[in-house]
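Grab a pencil and work through these exercises with the model open beside you. Try each task yourself before reading the solution.

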Amino acid sequence: MPELPEVEVVARGLRQRVLGHVVRGAQVRTAGLRWPLPPALPELVAGRRIERIERRGKYLLMHLGDGALILHLGMSGSLRFLEHWSPPQRHDHVDIELAGGWLRLHDPRRFGALLWHGAGDGPLAAHPLLARLGVEPLGGSFDGGVLHRGTRGRRVAIKQLLLAGQVVVGVGNIYASESLFRAGIRPTTRAARLSRERCDRLADAIRQTLAQAIERGGSTLRDFAGADGQGGYFQLECAVYGRQGEPCRACGMPVRMAHHQQRATYWCPRCQT
Ligand SMILES: [Zn+2]
């Protein structure tokens, strides 16, 4: 599943390729993904210029004049830029036609989203999908203080709290496991028990882990492709994720794995307390 670094890589790729382009139209080949697609999509987007491309959590926000497309890649989506048109394949649900190419949305499992937010729909940040998202982990306002305040009184395991996305967005299973290893914190530790110092360490670890992944082009996930169709390779670098029984890269102890809330959790029993 594309996680925050992959979506950030797509956003950066899109900025390089399509920022400033004028949209000519759209071809829609499905009634809906996770939600129905706007039936009037071609008319809504035609003639508008792509003025800004933002990422908020795992949503891509493409500002087109006074409206915006809200895109989500779901479990298996990808967005590719085609300089030369090619016939759509199975699961290529939408083409957005630009003056200099096409953006093609591919999503076999259809958990992704493509929604239109018009000028009359109020501020984009108040959209129900965006309004309750936590702090951006790579933004200037995320630090140990945010984590410390967000964990007070929370009996849930710290990894669960990270995955829930209400304190900080976009820290999915791989990055939560890796960040907790980097910070030396056991994933099952109750959130409320983390000291300010450990929250500081964890916030740093989250920023570093995500930044490293973005630098390397996002992790290779089965169905992920960047805006240019190329995948990344972060997964080769994991310290604990997917390494059950293999020696910890720091101390040599076998990495452990357990399922918590149906998600695989990996940790080193010596380095993480
Ligand atoms: Zn270790």
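**Exercise 1.** Find which side chain makes a polar contact with the side chain of Thr209, and decide whether Thr209 is buried or exposed.

*Solution.* Keep in mind that you're looking at a predicted model.
- Step 1: go to helix α6, residues 196-215, where Thr209 sits.
- Step 2: look for its polar partner, and you'll land on the side chain of Arg182, 3.1 Å away.
- Step 3: check the accessibility. Buried means under 20% relative accessible area. Thr209 comes out at 1%, so it counts as buried.

**Exercise 2.** Work out which atoms hold the zinc ion and what arrangement the donor atoms make.

*Solution.* 
- Step 1: list the protein donors. They are the SG atoms of Cys248, Cys251, Cys268 and Cys271, lying 2.2 to 2.4 Å from the zinc ion.
- Step 2: look at the angles. The 4 donor atoms subtend 98 to 113° around the zinc ion, so the arrangement is tetrahedral. The cut-off behind this step is that all angles lie between 85 and 135 degrees.
- Step 3: read the spacing of the donor residues along the sequence, which is C-x2-C-x16-C-x2-C.
- Step 4: pick out Cys251 and Cys268. This pair links distant parts of the chain, 17 residues apart: Cys251 is in the loop between α6 and β9, and Cys268 is in the segment after β10.
- Step 5: compare their surroundings. Cys251 has a relative accessible area of 26%, so it is partly exposed, while Cys268, at 0%, is buried.

**Exercise 3.** Figure out how β9 and β10 pair, then describe the setting of Thr265.

*Solution.* 
- Step 1: β9 (residues 256-260) and β10 (residues 263-267) run antiparallel, with 5 bridges.
- Step 2: check the turn. The two strands form a hairpin with 2 residues between them, and Gln261 in that turn has a positive phi of about 50°.
- Step 3: find the bridge partner of Ala258 in β10, and there's Thr265.
- Step 4: follow the side chain of Thr265.
- Step 5: Beyond its sequence neighbours within four places, Thr265 touches residues including Pro187, Arg256 and Met257.

Note on methods: Residues are numbered from 1 along each chain as its sequence is written. This is a predicted model: local features need pLDDT of at least 70, side-chain atom pairs count only at pLDDT 80 or more; totals for chains, interfaces and linings use all residues. Side-chain values use heavy atoms; hydrogens and water are left out. Two strands pair if DSSP finds at least two bridges between them. Helices (H or I, at least four residues) and strands (E, at least two) are DSSP runs, numbered from the N terminus. Buried means under 20% relative accessible area, exposed over 50%, partly exposed in between (1.4 Å probe, protein chains only). A polar contact is a pair of N or O atoms within 3.5 Å; within protein, one must be able to donate a hydrogen and the other to accept it, and residues adjacent in sequence count only if both atoms are side-chain atoms. Donors are N, O and S atoms within 2.8 Å of the metal (3.2 Å for Na, K and Ca); water is not among the atoms, so sites may look incomplete. Four donors count as tetrahedral if all angles lie between 85 and 135 degrees; four count as square planar and six as octahedral if opposite donors are over 155 degrees apart and all others between 65 and 115; anything else is irregular. Contact means heavy atoms within 4.5 Å.
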